[in-house]
Each structure stands twice: as structure tokens, then as C-alpha cells.
Amino acid sequence: MSALAADDVGLVRALERFGIRLLWHPSLSEESGAEALAILTAAAEGRVRVDALCVEGAILTGPNGTGRFQLLSGTGTPVSRWVERIARHAHNVVAVGSCAAFGGIPMAGGNPTDATGLQAGGLQHDGGLLPTEFRSRSGLPVINIAGCAPHPGWLVETLADLALGGFDAARLDSLGRPRAFADHLAHHGCSRNEFYEFKASAAKPSDRGCLMENLGCKATQAPGDCNIRRWNGYGSCTDGGFACINCTTPGFQDSGAPFLETAKIAGIPVGLPVDMPKAWFVALAALSKSATPQRVRTNAHADHVVVPPARKPPKAP
Amino acid sequence: MTATTRLIVGPFNRVEGDLEVTLDIADGVVREARVTAPLYRGFEQILAGRAPDDALVIAPRICGICSVSQSMAAARALAQIAGVEPPPNGTLAADLVLACENAADHLTHFVLFFMPDFARAAYASRPWHKIAVERFAAMEGTSQRTLLPARARFLHLMGLLAGKWPHSLALQPGGTTKSVDPGERVRLLSILADFRAALEQVVFADRLETIAALDSAAALQAWTHAAPAEHGDLRLFLHIAEDLRLDRLGRGPGAFLSHGSFGLWPSGVVMDGETRSHDPAEMTEDLTHAWMDGPTQPDADKNGAYSWCKAPRLNGRVVEVGALARQMVAADPLARDLVAISGGAVKDRVVMRLVELARLVIAMEGWVKQLRPGEPFCLEAPLPLRGSGNGLVEAARGALGHWMVVESGLIQSYQIVAPTTWNFSPRDADGIPGPLEQALVGTPILPGETTPVAVQHVVRSFDPCMVCTVH
């Protein structure tokens with residue numbers, strides 16, 4: 001549903017620019033029931049060219065491996081079987097969203113439906129419905145457009161890039177995510193940047209301060225260009241005033257602590273930027289805290305700018 | 001007597017999620033219908049044992065189209081447990097976010113899910129078919145091509161107030177996390193003005209105020225014929241509805257439930273011609289024909305079961321939820337008049353959805369102007385270690401309820417009753433069919449139809465969300 005608003009023109013038009021036609025889409029196509037089944041059957045039997053099989057949602061394999069938690073309507077057959085059959089013939093297989101990619105929210109807690117991702121079933125890249133060694137006809141593994149929900153641009157741009165040709169394994173990171181967005185961190189371009197620099201932290205929801213120290217923000221670890229490209233025209237999670245929950249990462253659903261609180265040991269957040277020595281981070285944080293301007297400290301605990309930036313008085317003529 | 005034949009229709013597309021319908025047909029009409037939700041998701045099990053605030057993250061992820069409705073229900077349940085009430089700005093901003101989702105959903109339903117069926121070749125002989133194809137042919141119609149971008153720009157309101165859509169954490173028990181400055185208030189009004197223009201030009205070919213003020217079937221009839229069929233998509237639909245007698249198709253149970261919304265439309269029940277208040281304690285979930293062993297325990301081998309959907313009943317009765325139900329409970333004169341004539345049919349559901357769309361946008365313009373930059377949007381809402389609360393909300397497609405029990409600081413139990421759980425429920429212990437199952441009886445099936453088009457009109461008129469149904 002997030003993709004319907006792609007590029008502000010909608011998914012169909014955004015893809016059409018690259019000669020991409022939707023063979024069948026559950027929300028957009030006219031074909032329903034028997035007509036839809038005819039298309040899916042043709043795809044499963046390799047009688048129609050499928051350049052990309054896009055799967056949304058985790059694959060539910062329960063109960064007891066039967067797949068009966070998720071039957072394809074009108075067929076009495078588990079969705080997992082259909083995915084396997086079509087994947088065999090598809091040029092590319094694309095997991096749309098963290099559920100399809102890594103299992104996502106349905107895997108949380110005890111994983112009551114035995115959910116799995118298409119090719120990655122949990123914290124490790126260790127095979128989901130399709131085995132680790134699976135390669136689609138293009139030679140690529142499952143392309144994981146992670147995110148809960150993924151940015152519509154990630155989907156459109158990945159499919160368009162595939163259509164343009166030359167999309168190879170180097171375009172993907174070690175978890176099969178397109179590097180076009182996964183090489184960034186959600187932290188990049190965060191409008192709370194100044195608060196982060198000074199470790200002027202929000203203490204409660206709606207505070208303008210940095211969300212990392214107290215309110216659970218994982219943007220410094222989360223793959224994504226959320227704050228560079230923005231969502232729905234103007235927004236992002238951190239701009240909206242709430243924590244990044246690292247939704248592009250496998251296992252984000254069970255990070256071991258409540259989502260909206262920062263897990264800490266001895267007062268130091270556990271989830272620091274991964275590629276920065278912890279001691280340095282702590283030292284710099286202490287230093288910057290001591291240098292925090294009063295303006296930044298005050299505004300960090302307000303929902304609007306209370307103290308505006310100081311201005312140099314105009315020079316006397 | 002003619003032999004009964006059985007037809008299984010699925011995968012049912014242009015509904016959110018997975019749906020299968022089994023029809024027993026005789027003499028060219030549906031005699032009995034069974035509605036199957038073929039997916040089980042286990043969200044209630046996933047929520048149990050977690051930190052209460054985690055519901056704000058997990059519950060909206062039940063659905064990509066009712067996401068904010070689920071957030072709002074979770075936030076309200078938590079607010080009740082914490083005993084807080086958001087400040088006026090917080091209530092206004094949350095209402096704006098929910099109304100934005102409701103309005104976008106109403107438009108999506110009409111343009112993408114419902115109308116494309118009239119562009120089908122089966123209707124090639126009808127006088128309106130050519131315009132229907134031009135405007136609504138799936139993925140190509142001109143109305144779709146104009147209104148989808150308008151919808152996308154309308155959702156910029158979500159970018160501003162909720163960070164993104166779907167799956168925002170901006171809606172908190174104590175209010176909203178994003179304050180609005182004077183410049184942003186102007187941007188919000190610009191977004192609404194842009195959306196208003198698209199609706200007034202394409203959907204209504206009239207002022208929103210004119211549509212919102214329609215107050216009787218006669219007034220609607222007069223408006224329909226005040227201009228040729230091609231003047232506005234609503235008018236086109238009304239001409240089609242007249243031609244195909246959509247006021248006689250898909251009559252529901254005639255009893256309605258609404259949780260009430262935005263202070264515009266009250267909570268209540270309309271049953272046996274009477275309007276009364278809604279008492280959530282009268283609600284029960286019947287599991288007789290659901291593959292469920294207990295409130296949250298699945299049993300795929302259960303005898304006599306045919307759906308993962310439970311059967312909620314109110315005082316043992318089947319009720320319909322949605323825009324028509326909301327307006328019935330609110331004693332809206334147009335809704336009451338339409339239902340008095342038809343009993344609550346396909347046409348009525350679609351009309352009230354679009355009338356509500358007009359009313360929502362007008363209301364949103366007022367709410368933005370009431371926002372007070374500089375005043376608080378959110379209060380702190382510390383939770384006690386134990387407590388229970390419910391969050392009752394109206395999603396676009398009807399009444400949504402969350403029930404949460406907190407014990408020792410963790411969620412002990414979480415129950416969700418979604419709108420389509422009401423509308424697409426299976427039979428109950430007394431064998432009484434659910435609202436859609438009732439509405440499908442009598443639907444005509446044309447010779448040779450494998451995916452009967454009239455059945456599709458009836459099913460889609462409820463604007464089902466199956467993923468919420470089987471949370």
C-alpha cells in the first residue's frame with residue numbers, strides 16, 4: 001500500500017516509465033478469481049515470461065509444515081508452493097518488505113505461524129523458503145527490499161534498475177538488500193543532527209532532542225536513506241518525532257528491549273554506531289555534552305523552538 | 001427444483017488481503033454463501049508478553065492500509081491504562097492523521113478497488129460502459145491516473161504530521177510526537193486545498209459542501225440527474241447504480257454498529273429500527289466455524305470450520321460496520337433514507353463512503369485551523385504495572401477495537417476485533433450467516449460466469465480488509 005503513492009504518481013505510472021508492466025497485482029489488476037488463477041498458473045508453468053516475481057509478506061509454513069495458515073484463495077494450496085513454482089521460472093525474485101525478506105513481525109515472539117522470509121529466515125542469511133544457494137534465472141539471489149514498510153522509491157528504483165540491465169550481485173549487500181539505499185544509514189540527513197552532535201537528548205515523546213540516548217532510536221545502525229530522500233513528501237520517522245526501529249534489519253522485531261526505550265548498560269546505550277570504537281564514542285559524547293549550548297539543551301526538551309539561534313549584532317557602520 | 005452447483009471464487013483481488021468465497025447456486029442466483037479467510041497471522045499471540053508500548057509498533061503492522069487506525073486503537077487502549085488524555089493539539093493532530101487515512105482509503109476503494117469492475121467486457125452493451133472504461137479500466141483509467149497522484153500528495157499530510165505512512169509511531173497515548181509550527185500549518189492547509197480541488201473536479205464535479213449537504217434519497221436523485229452521467233465520477237456511479245439496480249443488490253443484515261469518530265459521528269447501534277448506545281460488553285466472538293480453539297489458539301483441523309475469521313456478534317446479533325453504519329448510527333438523514341428504501345445495499349455503502357469523504361476533508365480544514373503552534377502536542381503517559389484498557393476506533397471500513405490487559409508491566413493479553421471480522425464473519429453457533437454471507441444470497445449469476453461480476457460488486461461494496469480480519 002505504501003507503494004501506491006510511489007513518486008507521487010502511483011506505482012503503475014512510476015514503473016511504466018521504464019517499460020515495466022504488471023502482469024498481475026492483487027490490488028490493481030482487473031483479473032480476479034478464475035482469471036487471476038489462469039495468470040498465476042501460466043507463470044507457475046513457465047508459459048508466460050516473468051521478469052520479476054515480487055512477493056509481499058512473510059511465508060507462513062505452519063501449522064506443522066503444512067502451510068495451511070496461508071493458502072492461496074481458490075486453490076487449497078499453500079502460498080509457499082505457488083511462490084516456489086513461480087520462482088523457478090522467474091528471471092528475478094524480489095522480496096518486498098522485511099516480512100518477505102527476513103520473516104519480519106510475524107516471526108516475533110514464538111513465531112506462532114512458523115513464518116520465514118523468502119531466502120533468509122531470521123538473524124542469519126541462512127535460507128528461508130528458498131535455499132541459501134537459490135539463484136533466479138538472472139543468477140541473482142532473492143533481492144531483499146527490506147523495510148517495514150519499505151520506501152516506495154526503493155521498490156520502484158530496484159525494479160527500474162533491473163529493467164535497465166546491468167544489475168549484478170555487486171548491487172546487493174551481504175543480506176541481499178540493494179546497496180542504493182542500504183549503503184546509507186537512516187541517521188544520515190537526520191534533522192535532529194545538531195542535538196545528536198551535542199548529545200542533547202529528548203526525554204519524552206514530542207521533544208525535539210536526539211532520540212538515540214533515551215527513546216530507542218537505532219538510526220545510527222539502520223540501513224536506509226530515509227532522511228536523505230524523505231517519506232510522503234516531507235517526512236521520516238525521526239522528523240515525525242519518533243525512534244527509528246531499524247526495520248530494514250533482520251530480527252528488528254525482537255531486538256531484546258522495548259522498541260521505544262534505549263537499552264543501556266551502566267547508562268551507556270548498547271546500540272552504538274557499529275563502526276565506531278565504543279570508548280571513543282563515550283569520550284566524545286561526554287565532551288560534546290559539556291559543550292552543549294544552552295539553546296540546544298533547552299530546545300531538546302521542548303516540542304518547538306524555545307530559544308532561537310543567537311545572531312551576531314550588525315556591525316556598526 | 002434445479003440442482004445446486006457450487007462455485008469457489010478466489011483469489012479475490014482488489015480487496016486488501018486474501019479472500020475466498022464459496023457459492024451454492026441454483027436457478028441463477030446465490031442460495032448460500034460461505035466466506036473464507038484463508039490466512040492466519042497470530043498477532044495477538046505475538047503481542048502477549050511484550051512491553052505495553054510495543055503495541056504501538058506491532059499493532060499498526062497488522063495492516064498497510066488501516067495502519068493508523070490500528071495505531072490509534074493501541075494508543076487509546078494505553079491512554080486508558082495510563083489515565084491520560086492528550087492535550088487539544090494532540091487530539092487534533094491525531095484526528096487529522098486518522099482522517100487522512102480514512103479519506104485516502106475511501107478514495108482508494110472507490111477508484112482502484114470498486115469501480116474497475118464496471119469497465120469489464122461483461123458490461124460492453126451498457127450505455128455508460130465507454131466512460132467507465134475510459135476512467136476506471138484497471139491501471140489505465142483517466143480517473144485513476146488523476147486521483148492516484150492527488151492521493152499521493154494528500155498523504156504528504158502524513159509525512160508532515162506522522163513522519164510517514166504506513167506505520168508511524170507519531171500517535172502516542174499522550175498525544176502526537178510531531179508539533180506543528182505556523183509554516184507547517186500553512187503547508188497542511190495547502191495539501192488539503194490541493195486534495196479538495198482534485199475531489200471537486202474529478203470525483204464530485206461539485207463543491208464538497210454540496211455533496212456533504214445531500215440529505216435525502218430525493219436530493220441525491222435530483223443531484224444525479226442535474227447533469228449528464230459523465231459529470232463527475234460519483235454521478236457516473238449513480239447512473240450505473242440506477243441502470244444495474246445496485247440499490248437492490250447485496251442487502252446486509254440491516255443492523256449497524258459504530259464506535260463513533262472524531263466527535264463528528266457518535267458511537268452506537270442501530271437495530272430493529274432503534275438507535276441505542278453501544279456497550280462493548282455485549283460483544284462476543286463465536287468460534288463455531290472458525291479454525292480456532294480459543295480466542296488466540298488456532299486449530300487447522302477443526303470440524304465444521306471454514307475460515308480463520310471469528311464471528312463477532314452483538315447481543316447475539318449480526319451487525320454491519322463501515323461508512324454506511326457510521327452514518328446510520330449518526331442518524332444522518334441521507335443514510336437513513338437510503339436504508340429505509342433498500343435495507344442497506346451496494347449503492348448505499350458506496351454513496352455514504354463518498355459523502356463521508358467530502359465531509360472528512362471539510363472537517364480536516366477546520367481542525368488544521370484550530371491547531372495552536374507553541375502549545376503542547378503530547379503529555380507524558382507513564383504506565384502502571386497492571387491495568388486494562390480498550391481502544392475503540394473507526395477505521396475507514398468500520399469499527400475496530402483493541403482490548404489490552406497489562407500485568408507486571410507486560411502485556412498479558414491482547415484482543416483485536418477488526419471491521420471486516422464483523423462484516424465477513426462466518427456462521428455462528430446458531431448457523432446464522434455473517435453480514436456478507438447474508439448479503440450475497442440472491443445475487444444473480446449469469447450463465448457461464450466463473451467469477452460472477454455481481455458477486456464482486458457485493459463483496460467489494462464492504463471495502464474489506466482481510467489482513468486485519470485475520471490479524
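**View 1. Helix H8(B) passes helix H14(B) in a left-handed crossing.** A crossing is called left-handed if the near helix is turned anticlockwise from the far one by less than a right angle. Here H8 covers residues 182-203 of chain B and H14 residues 346-370, and the two pack at an angle of about 160° with their axes 10 Å apart. Axes are lines fitted to C-alpha atoms over the stretch in contact, and angles run from 0 to 180 degrees between N-to-C directions. H8(B) is therefore roughly antiparallel to H14(B), a term for angles over 145 degrees. Look for Leu188(B), Phe195(B) and Arg196(B) among the contact residues of H8(B), and for Val361(B), Met364(B) and Glu365(B) among those of H14(B). Contact requires C-beta atoms, placed from the backbone, within 7 Å. By class, this contact has 10 nonpolar, no polar and three charged residues.

This is a predicted model, where local features need pLDDT of at least 70 and side-chain atom pairs pLDDT 80 or more, while totals for chains, interfaces and linings use all residues. Residues are numbered from 1 along each chain as its sequence is written, with chains lettered from A and ligands numbered from 1 in the order in which they are written.

**View 2. Chain B meets chain A through 69 residues of chain B and 61 residues of chain A.** On the chain B side, H6(B) gives the largest share, six residues. That side has 34 nonpolar, 20 polar and 15 charged residues.

**View 3. Chain A is assigned domain 1 (2-182) and domain 2 (184-303).** Their C-alpha centres lie 31 Å apart. In the contact, 19 residues of domain 1 meet 15 residues of domain 2.

Terms used: Domain bounds come from an automatic or database domain assignment. Two residues are in contact if their C-beta atoms, placed from the backbone, lie within 7 Å. Helices (H or I, at least four residues) and strands (E, at least two) are DSSP runs, numbered from the N terminus. Ala, Val, Leu, Ile, Met, Phe, Trp, Tyr, Cys and Pro count as nonpolar, Asp, Glu, Lys and Arg as charged, and the others, Gly among them, as polar. Angles under 35 degrees count as roughly parallel, over 145 as roughly antiparallel, 65 to 115 as roughly perpendicular and the rest as oblique.
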